[in-house]
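Student: I am new to this structure and would be grateful for a close look at a single part of it.
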Amino acid sequence: MRLLLLILVLGGCTMSTPIHYTDGKPAQLIECGAAVAWSVCYTEANNACPKGYEVLREEAGFNRKSLTVRCK
């Protein structure tokens with residue numbers, strides 16, 4: 001059971017959240033599990049921004065990856 005929980009935490013699902021970036025303008029925060037490939041995060045960015053996007057920040061930590069983008 002603990003192994004399953006660890007896999008879920010590290011693998012985790014990918015989600016997109018509308019935010020305001022440090023400059024006050026709208027952006028999307030894409031969060032992915034640490035075990036997920038970056039391509040999964042970028043696919044979520046494509047889903048959130050069908051007309052394209054600009055990458056503002058990319059960060060990888062122990063238990064998650066995050067990608068901040070601004071939709072065009």
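Which residue in E4 stands opposite Glu 54?

Tutor: Glu 54 stands opposite Arg 70 in E4. The model is a predicted one, in which local features need pLDDT of at least 70 and side-chain atom pairs count only at pLDDT 80 or more, while totals for chains, interfaces and linings use all residues. Residues are numbered from 1 along each chain as its sequence is written, and side-chain values use heavy atoms, with hydrogens and water left out.

Strands here are DSSP runs of E with at least two residues, numbered from the N terminus; two of them pair if DSSP finds at least two bridges between them. Strand E3 (residues 53-60) is paired with strand E4 (residues 64-71) in the antiparallel sense through seven bridges, and three residues separate the two strands in a hairpin.

E4 also runs antiparallel to E2, to which six bridges join it; Thr 68 in E4 stands opposite Leu 29. Six of the eight residues of strand E2 (residues 26-33) are buried, so this strand is largely enclosed by the rest of the structure; buried means under 20% relative accessible area, exposed over 50%, and partly exposed in between, with a 1.4 Å probe and protein chains only.

E2 is joined in turn to strand E1 (residues 15-20) by six antiparallel bridges, with Glu 31 in E2 as the bridge partner of Met 15. Five residues lie between E1 and E2 in their hairpin, and Gly 24 in the turn has a positive phi of about 85 degrees.

Asp 23 lies in the loop between E1 and E2 and counts as partly exposed at 42% relative accessibility.

Conventions:
Helices (H or I, at least four residues) and strands (E, at least two) are DSSP runs, numbered from the N terminus.
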